[in-house]
Amino acid sequence: MPHLTIATTASHAPMGAQVYEREIAARAAAQLARLDEVRIGEGQTGEVRPSGGGRWEVDELVARSLRSPLAGTRRLPIGWLSTASAASRRSVGRALYRRGAVVHRMDLVLPPAPGVDVVTIHDVVSWRYEDESAPVRAAAEEARRADAVVCVSQFSAQEAVDLLGVRDPHVVHNGVDPRYGTAAPLSAEQTAALGITGPYLLHAGGASTRKNLEGLAGAWPAIRSARPDVTLVLSGPPHTRRTKLFADLPGTLLVGRLPDDVMPGLVAGAAAVVVPSHYEGFGLPALEAMATGTPVVAAATSSLPEVVGDGGILVEPTPAKLAEAVEWALSGDREITTLAAAGRERARAFTWERSAAGHAAVWRTVGGPA
């Protein structure tokens, strides 16, 4: 019976990569089972049988550091693994994973499997930006040796090819939580509890250099002048860069990291969502906004045009261009309504079921029974 191990690391502040891990792991067994069902007889429906080799077994390995209080299934010297040689990491992998399993490493810090090794590369920001986590020393070499590399966008796949020397990566787009497609705006009481009154522009996500919060901060005075009734709401884990840029700007509100069950309503109630990033491996905040039918202003950079398509406003992420685009998004122009509807329709194609099915096809190709 073929066996799949989905390997991840525990995180104290889950973000987009952890959403991906959770959603794919939750659907892995079901999608592999669907691939293993063979229709009997052309034209017949509803009758299935397992393919040769039987059902897959699926388990999850959640690694945490030696002293971490986070939940997990195995403890590993995470810091040491980040700088260890490829040979040392292979030794750990031989002891860590079940023999004969297809192992999908969803975090590059985890050591490679001795058998079938699959790895996800969301982006190459560790190699491109100094304020991101330092790259795992052996990651590029291991990615080149892997049986399969999964990338979440065509853009990130090309980055993996160009910068890391990966050959023939598989592109499997992320999905969007179905709650965004049905979300109603937060109630007046809920927004008031967050300190929000009146219409608001929303930015949700991290605050590293590539997120281009400097561009948004530079754009805000012009937006504020044109629309003094609108508040700029910034959601995300506390970060000194965000605080320094926005804490003293009139009309801005930092609400911190909010629970997952609050975010769909916060996004749905926004007058617009702005994603000014210089670099994204995928761009989940833009897709989430599109799914709610909220107008999106996004940078015409990296993976964002691939995700947003004709479902939002794509601009050069300079302060002047961002201000102009946001002012239009907030104007009530009929074309903005049309764009938002197109974004909502486009978002329907990005489901986690479809993403998990794409992953299952990769697992079956590299490690399934003949």
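This is a predicted model: local features need pLDDT of at least 70, side-chain atom pairs count only at pLDDT 80 or more; totals for chains, interfaces and linings use all residues.

Me: OK, zoom in on β6. What does β6 pair with?
Reply: β1 and β6 pair in the parallel sense over four bridges, and four bridges also join β6 to β7, again running parallel. For landmarks, Ala7 has Arg105 in β6 as its bridge partner, while Val102 is partnered by Val116 in β7.

Me: Are the faces of β6 covered or open?
Reply: Both are covered. Val102 and His104 on one side are buried, and so are Val103 and Arg105 on the other.

Me: What about β7 and β8, how many bridges there?
Reply: Four, joining β7 (residues 116-121) to β8 (residues 148-151), and the two run parallel. Look for Thr120, which stands opposite Val150 in β8.

Me: How do α1 and α16 cross?
Reply: The axes of α1 (residues 16-35) and α16 (residues 352-367) come within 7 Å and cross at roughly 65°. The crossing is right-handed.

Me: Which residues meet there?
Reply: From α1 you'll find several, including Val19, Tyr20, Ile24 and Leu32, and they face a group in α16 that includes Trp352, Ala356, Ala360 and Trp363. By class, the contact has 12 nonpolar, three polar and four charged residues.

Me: Nice. How many residues are in the largest nonpolar core?
Reply: That core has 53 residues. Those with the most contacts inside it are Leu4, Val118, Leu202, Leu266, Leu287 and Trp363. Apart from it lies another core, of 31 residues, among them Ala7, Leu96, Val109 and Ala143.

Me: Pick one of those. What does Leu287 touch?
Reply: Leaving out residues up to four places away in sequence, Leu287 touches Gly175, Val176, Phe282, Val307, Ala347 and Phe350.

Me: Now the arginines. Is Arg89 buried or exposed?
Reply: Arg89 is buried, because its relative accessibility is 0%, and the cut-off for buried is under 20%. You'll find Arg89 in helix α3 (residues 86-96).

Me: What's around Arg89?
Reply: Beyond residues up to four places away in sequence, Arg89 touches a list that includes Leu81, Arg105, Val109, Pro111, Val136 and Glu142.

Me: And where is Arg144?
Reply: Arg144 is in helix α5 (residues 139-145). With a relative accessible area of 47%, Arg144 is partly exposed. Aside from neighbours within four places in sequence, Arg144 is in contact with Leu164, Gly165 and Val166.

Me: What separates Arg144 from Leu284?
Reply: They are 140 residues apart along the chain, and their C-alpha atoms are separated by 27 Å.

Technical notes: Residues are numbered from 1 along each chain as its sequence is written. Side-chain values use heavy atoms; hydrogens and water are left out. A nonpolar core is a set of buried Ala, Val, Leu, Ile, Met, Phe, Trp, Tyr and Cys residues joined through side-chain atoms within 4.5 Å. Buried means under 20% relative accessible area, exposed over 50%, partly exposed in between (1.4 Å probe, protein chains only). Contact means heavy atoms within 4.5 Å. Axes are lines fitted to C-alpha atoms, for helices over the stretch in contact, and angles run from 0 to 180 degrees between N-to-C directions. A crossing is left-handed if the near helix is turned anticlockwise from the far one by less than a right angle, and right-handed if clockwise. Ala, Val, Leu, Ile, Met, Phe, Trp, Tyr, Cys and Pro count as nonpolar, Asp, Glu, Lys and Arg as charged, and the others, Gly among them, as polar. Two strands pair if DSSP finds at least two bridges between them.
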